[in-house]
Every structure is written in C-alpha cells, then in structure tokens.
Amino acid sequence: MLALVLLVGILLRNGGHFSYTLDAPYTQMAMAEQITQGTYGINPGEPSSPSSSIIYPFLLALLSFLPLGQFSALLVCLAATLAAAVLIYAVAEEIGLEVDRLTTLQLAAITATLTLAFNLVGLAFAGLEHSLHVTLTVISLLGLLRFVRTKQADWWWLAAITLLPLLRFEAAAALAADMLVLIAFGKWRHAAIIGTVGVVLVGGFMLFLHSLGLPWLPSFVLHRSEVASTGIGMGDSGALGFVKAVYGAYRGNLMAYGGTHIALLIVLGLWGLARGPVPSRLGERAWAKPAAVGFFIVVALAQLTGGSLSSFSRYEIYVLALGFCAVLVAWQPEINAGLRRLDARRCAGFCLAMLFLFSGYVFRTVDAVAAAGNVHDQQYQMHRFVNDHWRRPFAANHLGYVNYQVPYYMLDLSGLANEEARKGGGGPGWMERLAAQHDVGLAMLYDVAPPVPPAGWEPVAQLKLRGRLVTVRGPVVTFYATKPEEAEPIRAALRAMAPDLPRGAILSWGKADPLQAAH
C-alpha cells in the first residue's frame, strides 16, 4: 500500500512521468544497455566501471529484454522488499517468537512501522541494489540460525552467502562471518567451498576490470571509500595511510545519521547476549544467540570502518534490518513475555516509539516524492535537452538520467566513467583536449562538483531548481559552450526547450542574452 502511495505521489508530482529518487539507477540501467551490446561501461566501445555492484548491472541487462523500460529496477526492488518482510517474519518463527499471538491488525501495524522505520519502501524507489542487499543479508541470518539448530547447511543459505559480495563489496564481511560459523561447527569443507567460490568470483571480476585497462575495483567504490582506494595502493602509501583511512571512515560514519542507530543495536545485542547462559562447548544449539549477534557485529563494524552512511540513507539499511533481527534473537525470552501481554495500547506504544527512534528514516520515505521531483526537474530535463534538442556529443560532471537511453557520446568529467578524467587527464588542458577529441561542444556542469571548467568555456545559461534540494548533486547546472561558435546553437536549443520546462525548474540566462527579461 505504501509503495502504491509513493508511486501515485511521484506520478502526480511529475505530471505523469516516473523517476527514481536518485539519479544513480539510471547509470546502472545505462550500463545494462551497453552490456547487452558488448561493452562494460556507458559509451559504446569505451570500458568504464561506474557501478559499485558487480552483479546488479548484469541483472538489469537480463531484464532489459522485457518490455519494462525503467520500471525493471523498481520491480526488482519491490519484490526484494516484500521478500525481506517475509524473511524477517521467518526469522521470528525460527527463533521461537510467539508471533502467532499477534492479531491481524497488530501484525499489519508492526509491519508498516518497521517498513517506515527502516525506509524499506523508500529504499526500493531508489532503484538500486540495496533492497536486494537487505534481502540476502536476512536470508544469511535465517540460514545461519537454521544451521545452528539442525547442523545442516541449506543450499539456499550457501548460495545467498556466495552471492552477497557480488551484490555489494562490503558484504564480504558477511561471507567471512558465516565461514567462521561453519568452521566452529566443524563444517570445514563447506567453509572452504564458499570461501573459494567467493574469492574466485570477486577475484575474477577484478581481473576482468584489469583486463579492460581499469582499476582493480570499480571507480565508484574507489570514489566513495578511501579505505578501498588506500587498500589497493591508490591513496596514501603504506600501512599508516590505510589505518588513517579506516579511522576516518569509522569516525565519520559514527557521527553520521545512522551511526548512532547501528551503535545502539550493537549495544542491545551485546546486552541481550550477556544476560543469557554461556554455551559450554562449540556446536551446541545454544550458540544461536552468540552466532546471530556476532554475525551482526562483524557486518556492522565492516560497514562502519569500510563503507559509507551517506547518500540518502541507503547504504546502512541492511545493517539496521540485520541488527533488528539480531536483537530479536538476543532478547527472545523477554520479547515473548511482551507478546503474551500485548494489547492495542502496548502495540501502539511500540509502534510510536520505533517511529520516533527512527524518525529520520521515516522522513526519508516521506521525502521520496520530493526526491523524485528533483530528478525529474533537473536530470530528466538534461536528458530531454540532449535527446530532443542538442542531439550531439556532450560533457557532464555527474552521471545519471542524463546518460540513460541517450544515443550520443557523453564525456564524463567526474572520472567515474572515464579513466582519463579520473586520472586528471594527464596534465593541464586535459578537458579541452578530451572535448576536442570527442567533438564535444556542450558541457553541462554542476558548479558544486569538480572539475573547474576551463576559462575558455563560455557559460550560456543555468538550469535551476525552484524547490528544495533533496537528492540531486546540486541545485544549479550551468550550460557551457566549449568553443565560441557553439554558444549560439546552445542558446537556440535552450530557447526551444524552455517552454516545456516543469514548474520546478527555471532557466537563468546570461546577461548578454537578449531574451533574459522575457524569461
């Protein structure tokens, strides 16, 4: 129901046009298009690695053969969200929570509360791999709990463990944690197999990137994580540089929104663990609680030290969902006691407390419509301008809708999809050289993002958001002519597009433009 409300809200806000809450899924879908045509990147015949996920662009490439258009990513994410809800319920049943005591209304209220508190539906409308990450992580915990109880490693558990690092690199921590559990229970062969398969798959992808002349890790991962870049020798040299990067990431993540919530869940997990009996030997069923809490802590610390908590609260949601499930395991007797006394008043109190504690994520869900409006009013308009009016190669310093389903070459000046730009072009004048090399006459640049445009590039106009900035890179995009003779064609194309701009966007013309007063 909440998904339908958001979908209708976005369509109404955007005049019937759907857009995701972030521009990043359009880069993934643009890569998917090129993968089907034999190129790993966003431009035909030009390898690049702007995706932080190994498998997600390939999944979208498979779905691109279906008549789903840009909705393929949304359907994947909504299906993953529904599966995550079912799996959390399965975890509760697996550990013996008396969830059958809940009335239909209580179960619906708690489900809606958790969906809002962890921004699960809002995350789905981001259109990225994070919804799948939540699902596979909960599957990993469910499989772990079943393994501790039955001593049998289910095939779907092992498959989920192996797939996790292919979905997100930081999920290698979950693979390592599950391997330790398997070893503790004497399943050395299982641990060796999934470890070997994981290393071969991830290592094979890294070799694939290297064979294309790209860094060992995707450009987006290196851009987001200083720990990753220093770890492969692309940041500060030596162990000291790596330690500094880990410290900086940990400090920054704890101070970011979400860091406190993860810390609180760790404390609750450890507190519940300390209250229970200590298993006398390895392999006992009583190890379910330590295994679940330990699994969560390993995953959480990996995210805090090597990952990110930025960008519209999407990276940490899997940690929060896993932490909630671990707390259920750690406090199972107390929770069952509460379920036996649960009435409408107590259920309402729990729901309100959760919504207040995680209110920042509730607001993320509420902001989904405005975020999709940002993408529509800015990135989609840039996309329309290139496709309907410019129809030639162009440059930009941020990927997104601007390069999705665009048949013209895009020179990415951010470096995420262009290796020469990522390396600084090899010296002064690199932007002019690359623009000339690719016959680029137009550059659409966020003023708040690097690089600084050359002095010889003439600003023609600015596309400005009228409303609140929620998710796009910045509120203003400046249109530059890379050569003097391109200024008038750009101006003419912008004049042609101006009448069709949505109410949330406005063109601001240069002082020399004779139509400034008219617009």
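**Reading strands, helices and cores**

Guide: Start with strand β3, where Leu442, Met444 and Tyr446 point one way, Ala443 and Leu445 point the other way, and all are buried. Keep in mind that this is a predicted model.

Visitor: Which strands does β3 join, and do they run parallel or antiparallel?

Guide: Look at each partner in turn. Strand β1 (residues 394-396) is joined to β3 by 3 bridges, and the two run parallel. In that pairing, alanine 396 has methionine 444 of β3 as its bridge partner. Strand β5 (residues 476-481) is joined to β3 by 5 bridges, and these two run antiparallel. There, leucine 442 stands opposite alanine 481 in β5.

Visitor: Why is β5 said to be largely enclosed by the rest of the structure?

Guide: Because 6 of the 6 residues of β5 are buried. Val476, Thr478 and Tyr480 point one way from the strand, while Val477, Phe479 and Ala481 point the other way. β5 also pairs with strand β4 (residues 458-465), in the antiparallel sense and over 6 bridges. In β5, valine 477 stands opposite leucine 463.

Visitor: Which residues of α1 are buried?

Guide: Ala3, Leu6 and Ile10 are buried in α1. Seen down the helix axis, the buried residues fall within an arc of 65°, so they line one face of α1. The face turned away from that buried side carries Leu4 and Leu12, which are exposed.

Visitor: What do the buried residues of α1 pack against?

Guide: They pack against four helices: α4 (71-94), α6 (120-124), α19 (359-366) and α20 (368-377). Just after α1, glycine 15 takes a positive phi of about 65°.

Visitor: How many residues of α7 are buried?

Guide: In α7, 18 of its 21 residues are buried, and the helix is mostly covered. α7 (residues 130-150) reaches 30 Å from its first C-alpha to its last, close to the 30 Å expected. Just after this helix, lysine 151 takes a positive phi of about 65°.

Visitor: Which residues touch the most other members of the largest nonpolar core?

Guide: The general idea comes before the case. In soluble globular proteins, nonpolar side chains tend to be buried together. Here the largest nonpolar core has 151 residues, and Phe118, Met444 and Leu494 touch the most other members. Helix α16 (residues 317-330) supplies the largest share of this core, 13 residues. A second, separate core has 14 residues, among them Tyr409, Ala435, Val440 and Trp457.

Visitor: What does phenylalanine 118 touch?

Guide: Not counting residues up to four places away in sequence, phenylalanine 118 touches Ile317, Leu320, Phe324, Met354 and Phe358.

Visitor: How many aromatic pairs does the structure hold?

Guide: There are 20 aromatic pairs. Reading one takes two values, the distance between ring centres and the angle between the planes; an angle over 60 degrees counts as edge-to-face. Tyrosine 40 and phenylalanine 205 form an edge-to-face pair, at 6.0 Å centre to centre and 75° between the planes. This pair links distant parts of the chain, 165 residues apart: tyrosine 40 is in the loop between α2 (24-36) and α3 (56-63), and phenylalanine 205 is in helix α10 (residues 188-211).

Visitor: Are tyrosine 40 and phenylalanine 205 buried or exposed?

Guide: Tyrosine 40 is buried, with a relative accessible area of 6%. Phenylalanine 205 also counts as buried, at 7% relative accessibility. Elsewhere, ring pairs link Phe18, Tyr20, Tyr26, Phe71, Phe125, Tyr380, Tyr401 and Tyr404 into a cluster.

Visitor: Where is the place of arginine 101?

Guide: Arginine 101 is in the loop between α4 and α5 (104-117). With a relative accessible area of 46%, arginine 101 is partly exposed.

Visitor: What is arginine 101 in contact with?

Guide: Leaving aside neighbours within four places in sequence, arginine 101 is in contact with Gln106, Leu339 and Arg340. Arginine 101 and leucine 339 are 238 residues apart along the chain, yet their C-alpha atoms are separated by 6.8 Å.

Technical notes. Residues numbered from 1 in each chain as written. Predicted model: local features only at pLDDT ≥ 70, side-chain atom pairs only at ≥ 80, totals over all residues. Heavy atoms only, no water. Buried < 20%, exposed > 50% of the residue type's maximum accessible area, 1.4 Å probe, protein only. Arc of directions from axis to C-beta. Contact = heavy atoms within 4.5 Å. Expected span 1.5 Å × (residues − 1). Core = buried A, V, L, I, M, F, W, Y, C linked by side-chain atoms within 4.5 Å. Phe/Tyr/Trp six-rings, centres within 6.5 Å; stacked < 30°, edge-to-face > 60°. Pairing = 2+ DSSP bridges.
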